[in-house]
Amino acid sequence: MAITEEKLLDAAIRCGLIEGYQLEALRLEARKKRYPLMAVVQAHFRFPMAILYQAIAEQNGLEYVQLHHWDVETTLLKKIPPNLLRRKQLLPMQQAGRRCLVLADPFDRAAIDSVQRLLGQALPIVLTDAASLSLAIYHLLAPPAESNTPMEETDLVMLLDQIIREAYLNHSSDIHLLAEKTGLRVRLRVDGKLRDFPFKTDRQTALSLISRVKVLSELDIAEQRQPQDGGFSYHLAAPIDCRFNIRVATVPIREGERVTMRLLDSESVALSLTDLGMLEADLLRFKQAINKPYGLVLLTGPTGSGKSTTLCAALQEINHPDINIMTVENPIEYVIEGVSQVQTSTKVSFASALRSFLRHDPDVLMVGEIRDHETADVALKAAMTGHRVFSTLHTNNAVSAVTRLADIGCEPFLIASTVNAVIAQRLVRRLCAHCREEKPVSEQVAQALGIETGLSLYHAVGCALCQQTGFRGRLGLFETLWFDDELSRMVAQGANEEALLSAAGERLQFMWQDGLEKVLLGLTTLDELRSVVVYQPQSTRKSEVLSG
């Protein structure tokens, strides 16, 4: 059995996930449009059902568990009739010698008493969401012949919609589909971390679903030995009623193929520079850099570090009817109203598109990535002849961007006369403001970080809102290098990275410094900072505001 809808919603109100007046308004909307109330609530607040079950656990002092972290207790399982498992939706589980009884409805005392009599012992009761438990029981009790029975084609449409809907509700950035011997493995990247999401599939269904994604992406379904790239637009029906683009990449693996789908949510297009997480001083200087009449602004960092999102926010900041903005990208990730966007192809390269742009009277040019001398040369010359140029580069830090441009053949005097700013960035998880806890910093840690003793740092705890992770959303960490006449002269004279580092002074803020200030502000944790940045003692400074 599953917990009633009303109990789930009542727990959500008691946990502060939703307000009573909001629920009443959504009830009226659901009745008016004849949608299920729970679907309207999920669409409005954009959270999965698992959050409501975690709210139930929190309100009743129960532990909530993720089933993929636990194993079935086979000894106890043999004592429970399969029909009882299916009807009452429960499983005996164990982890590191610890036994418990997992249910989706902790209020069903009759079921709990019946199972405990069969087992001859009272097991601790823990809670999980009904969908995960139902799937676990299905996979556990399904006969071998059933796993080889393919699903109907109509089910593939519903299954793909269910997967994409779950990814949307969980604020996932990527969906990973892997064909395995037992069926389909689905993993969602949420806040930078992968999570397994079980779905009821067999191997034939897994292969068919991957073929369906390839068809939607206009890829060759007969080609299963070569990587392919494509994409498609997808619409989630009302009450979610959201359309977004999905970038698709396939690659052959031992058991078949795997597909990675990047969800390009329309909400990201609405992000402002303030939403990115830049500190006030850096935000002011970044706005000054992107509003200069000419010059080059570079974003650096690895794949998935948020460079494209930052560039999109920068273009949104300066996008006005009186200026002509043109971009060349591969692929076009965010559609920006009023901006001419070109996607590269076998006939259109970054360099050729840039050269063409210069004949279209542009004010601002954006190059998706500088990866060769030809593209870099055209971009630098465009920046030198009165255009604002934004682009990305793959380097580890801000200063090495200068070295990278020189390595691909750019003249030092061109780099010196065009580069206005270099921003290196990474993404870390943002602490959940609903459940974070403040704890004093030990003297040893304070001395190691170069901060004052007696300060407190926030730590992740976990609640229903953040699905027990302690984090909700992501935050940018930035290393900023602002060019002036002195630094430009050094670059023109061929100065190396060490010379630029020693001469930069206040014009360079290291990523560790930026991250440490955000740790002190309670935006993220020290462990998150250490996961993406190497500790740099020379970059640590004490902030009067933060340490006061």
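Reader: Is Cys-100 buried or exposed?
Author: In this predicted model, Cys-100 is buried, with a relative accessible area of 0%.

Reader: And Cys-15, buried or exposed?
Author: Cys-15 is buried too, and its relative accessible area is 7%.

Reader: How many disulfides do you count?
Author: The count is zero.

Reader: What is the closest cysteine sulfur to that of Cys-15?
Author: The closest one is in Cys-463, at 8.2 Å. The cut-off for a disulfide is 2.5 Å between the sulfur atoms, so the distance from Cys-15 to Cys-463 is too far for a bond.

Reader: Do strand 3 and strand 4 run parallel or antiparallel, and how many bridges join them?
Author: Antiparallel, with six bridges between strand 3 (residues 90-95) and strand 4 (residues 98-103).

Reader: On to strand 5. How does it run against strand 4, parallel or antiparallel?
Author: Strand 4 and strand 5 (residues 125-127) run parallel, joined by three bridges. Val-102 has Val-126 of strand 5 as its bridge partner, and Leu-103 stands opposite Leu-127.

Reader: Cores next. How many residues are in the largest nonpolar core?
Author: It has 58 residues, and Leu-405 and Leu-481 have the most contacts inside it. Helix 16 gives the largest share of this core, six residues. Apart from it lies another core of 53 residues, which includes Ala-50, Ala-55, Ala-57 and Val-126.

Reader: What is Leu-405 in contact with?
Author: Setting aside neighbours within four places in sequence, the contacts of Leu-405 are Leu-298, Ile-370, Ala-376, Leu-393, Cys-410, Ile-415 and Val-419.

Reader: Which residues of helix 15 are buried?
Author: Phe-350, Ala-351, Ala-353, Leu-354 and Phe-357, in a helix that spans residues 350-357. They cover an arc of only 165° around the axis, which puts them on the same side of helix 15.

Reader: What do they pack against?
Author: The buried residues of helix 15 pack against strand 13 (325-329), strand 14 (340-343), strand 15 (364-367) and helix 16 (373-384).

Reader: Now helix 13: which residues are buried?
Author: Helix 13 (residues 280-290) has Asp-282, Leu-283, Phe-286, Ala-289 and Ile-290 buried. Their arc around the axis is only 125°, which puts them on the same side of helix 13.

Reader: And which are exposed on the other side of helix 13?
Author: Glu-280, Ala-281 and Leu-284 are exposed there.

Reader: I need to look at Arg-507. Where does it lie?
Author: Arg-507 is in the loop between helix 21 (497-504) and strand 21 (508-509).

Reader: Buried or exposed?
Author: Arg-507 counts as buried, at 14% relative accessibility. A polar atom of the Arg-507 side chain lies 2.5 Å from the backbone oxygen of Ala-503.

Reader: What does Arg-507 touch, not counting residues up to four places away in sequence?
Author: On that count, Arg-507 touches Thr-480, Leu-481, Trp-482, Asp-484, Glu-486 and Leu-487. Leu-481 is also one of the residues with the most contacts inside the largest nonpolar core.

Reader: Last one, Gln-343. Where is its place?
Author: Gln-343 is in strand 14 and counts as partly exposed, at 42% relative accessibility.

Reader: What does Gln-343 touch?
Author: Leaving out residues up to four places away in sequence, Gln-343 touches Glu-329, Pro-331, Ile-332 and Val-348. With Ile-332, a polar atom of the Gln-343 side chain lies 3.3 Å from the backbone nitrogen.

Reader: How far apart are Gln-343 and Leu-91 in space?
Author: They are 51 Å apart, C-alpha to C-alpha, and 252 residues apart in sequence.

Technical notes
Residues are numbered from 1 along each chain as its sequence is written. This is a predicted model: local features need pLDDT of at least 70, side-chain atom pairs count only at pLDDT 80 or more; totals for chains, interfaces and linings use all residues. Side-chain values use heavy atoms; hydrogens and water are left out. Buried means under 20% relative accessible area, exposed over 50%, partly exposed in between (1.4 Å probe, protein chains only). Helices (H or I, at least four residues) and strands (E, at least two) are DSSP runs, numbered from the N terminus. The arc is that of the directions from the helix axis to the C-beta atoms. Contact means heavy atoms within 4.5 Å. A polar contact is a pair of N or O atoms within 3.5 Å; within protein, one must be able to donate a hydrogen and the other to accept it, and residues adjacent in sequence count only if both atoms are side-chain atoms. A nonpolar core is a set of buried Ala, Val, Leu, Ile, Met, Phe, Trp, Tyr and Cys residues joined through side-chain atoms within 4.5 Å. Two strands pair if DSSP finds at least two bridges between them.
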